[in-house]
Amino acid sequence: MNGSGHTPLFHISKRSALPWYLSWAIRLAAIVLALIVCALVTTLLTGVSPLGVYATIIQGSFGTVRKFWVLLQELAILLCVSLAVTPAFKMRFWNIGGEGQVLIGGLATAACMFYFGDKMPNALLILVMIVASIVAAAIWAAIPAFFKAKWNTNETLFTLMMNYVAIQLVSYFCNVWDRKGSGIVGIINPRTQAGWFPVIAGKEYLLNVLIVAVLTVAVYTYLRYTKHGYELSVVGESERTARYVGIKVEKVILRTMILSGALCGVAGLLLVGGTDHTISTTTAGGRGFTAVMVSWLAKFNPIFMVLTSFLLAFLSRGSSQIAQNFGLNHSFGDILTGIILFFIIGSEFFINYRISFRSAGEKEGSSHA
Amino acid sequence: MLDTLAFYISRAVQQGIPLLFGSTGETLTEKSGNLNLGIPGIMYVGGICGVIGAFFYERSLASPADINTFLAVFIPMVCSLAGSLFMGLIYCFLTVSLRANQNVTGLALTTFGVGVGNFFGGYLIKIGGSSVASIALSATSACFRKSLPFASKLGAFGTVFLSYSFLAYLAVLISLVAGILLRRSRVGLHLRAVGENPGTADAAGINISKYKYMATCIGSMIAGLGGLYYVMDYASGVWSNDAFGDRGWLAIALVIFTIWRPDTGVLASILYGGLYILSINNILPTGGAGAVKELYKMLPYVMTIVVLVLTSVRNKKENQPPAALGLSYFREER
């Protein structure tokens, strides 16, 4: 085959499968390497000892009981949004509109709290909020899905644009609802607490955590053990095969995105009704984008996503703590997060592909038939 | 009346130039099949690198009057290009050599880039010791903003066409050249082939990795210049964290709106720039409610969605996104 040329130094081939402990070992090695690079960067940029930085990151999440609950809350919301985008991703429908869908869900929740706050009993109000947020966000997600199903419109770009339309809608309503004209809606219904989620056992975030835990199990079961889950993974693997087998691809796309939107709506509901009790353009806080990474890093498996969302929430809390302790800019945490993500993303290559170096016998380029 | 319109158009152009830089860069990248969602981060890095270069150059001067115009422009530009190139290389290495998922890599790059921009911005603000949360590089900015001296004497025509600084004209030039390159040169043909069907292009002997690397890295450098223009020109040398805002995403929207044609971007970016400032200046009727301004800000994105839907419905071959957009190429899987 190689005629007069020489065999290249190395060639890449795809692996068939790797035992799970090897692939996790590779990922762990990537994280360790990333931490070393982060340490170098930290010392170079700020002159602070990297061990001090790492200790602070750990302190940010586990330093006090309150901090631990904040970490759990962050984890829960991020996990909720990641659970939302996972069915879509498994179907290879790149839904990066999570940000907008969460905002629309939150907006619907806030609208209910605002307009119906004093007109109906609290229990009924919360029920209305749940329905409204889920329906609104599901519709928001169904729009790009419809166009993808019918005319193969690029869903990455469509969902991306829908995010910014959603942000402007929220901004508009914030302006309308705010009587003072500053564009910021304060805490909604502070006196009557109408529409505020009940606090369980005195722990402010416990309800959110419990709801998301239930959702995690639910989504895992849906993806793994139901017919719908099977259909959507077939569509993701090969659309042609799905059609051949008789699966209605348009229906699956629409159904999955409605589910995706509905779960984002729940995240918005938890944020507005359970945590913040207000709405603003930063309510989603970039989680729609972070969720893409959480979901992808976990290979779209909801159980692993608990770990990856823990990692990202941990880093986020840690970077706030760094900013506080060392007077460093809050964005330093973003830099560290970016570096760790690059390494993890890069490590996937070594899991999926194998590099084979040329052996001594092939150096002279003998031709094999 | 004509003067107001001319002034408005010139402001629209100034808003649109960063978008033009960003969209031309991203168009080149997307034509090679790489969907670089890291462009917002790259524009941030381009801006902050230029600021770093200018900051240290200004500090090294004995007095502000000593400033050498050429160096004051050259140093920030080189820094900006270097920074954006570095970001582009990270993206290329991860997606082309390591075949990582492009959406995830791009979003991670944006997080990283915005973090770098805000971190160094905060750092310089601390060194500069100013009381407000911004750095003002007026001397450098004045060098960047030098426009043709006779422009003001030519009335409305001068305002609309001649009153910009060299970076603006450079943006237009780059876009036009990119458009011609894509459509009428062999290199452009090869690039388009790589983006449409890398398997076929590979079989024809085109080096896929090389084209992807070149297109993405050159695209990043062009986009980084957009960040530089924003800080030095539009914002008059003032950097404050997060001031750049969501313009990077607007640039990505512009790529779709121009149907992946850089030369259309020249006019389209002025349109987007104009829409952006419509909501700021009270030109369109708001009925007395400030809230309606927020709805106007939606217009560029809604228009992009409309274009996206229309092109997919009518499905004309020339107007589609590159067929292999977002996909990694691995020869053995062909």
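1. Two residues are in contact if their C-beta atoms, placed from the backbone, lie within 7 Å. In chain A, 78% of the contacts with a separation of 6 or more are between residues 24 or more positions apart.

2. The model is predicted: local features need pLDDT of at least 70 and side-chain atom pairs count only at pLDDT 80 or more, while totals for chains, interfaces and linings use all residues. Residues are numbered from 1 along each chain as its sequence is written, and chains are lettered from A and ligands numbered from 1 in the order in which they are written.

3. Chain A has 13 helices and two strands; helices (H or I, at least four residues) and strands (E, at least two) are DSSP runs, numbered from the N terminus. Its C-alpha atoms fill a box of roughly 85 × 60 × 35 Å along the principal axes. Of the 369 residues of chain A, 46% count as buried. Buried stands for 20 or more other C-beta atoms within 10 Å of the residue's own, exposed for 12 or fewer, and partly exposed for values in between.

4. The contact between the chains takes 38 residues from chain A and 42 residues from chain B. On the side of chain A that touches chain B, α13(A) gives the largest share, 12 residues. That side divides into 21 nonpolar, 14 polar and three charged residues. Here Ala, Val, Leu, Ile, Met, Phe, Trp, Tyr, Cys and Pro count as nonpolar, Asp, Glu, Lys and Arg as charged, and the others, Gly among them, as polar.

5. The largest nonpolar core holds 195 residues, and Cys80(A), Val81(A), Met161(A), Leu263(A) and Ala267(A) touch the most other members. Such a core is a set of buried Ala, Val, Leu, Ile, Met, Phe, Trp, Tyr and Cys residues joined through C-beta atoms within 7 Å. Its largest share, 16 residues, comes from α10(B).

6. Most residues other than glycine have a negative phi. Lys299(A) has a positive phi, near 55°, and lies in the loop between α11 and α12 (302-326) of chain A. Lys299(A) counts as partly exposed because it has 14 C-beta neighbours inside 10 Å.

7. Trp260(B) also has a positive phi, about 60°, and is not a glycine. Its place is the loop between α11 (247-257) and α12 (262-278) of chain B. Trp260(B) has 25 C-beta neighbours inside 10 Å and therefore counts as buried.
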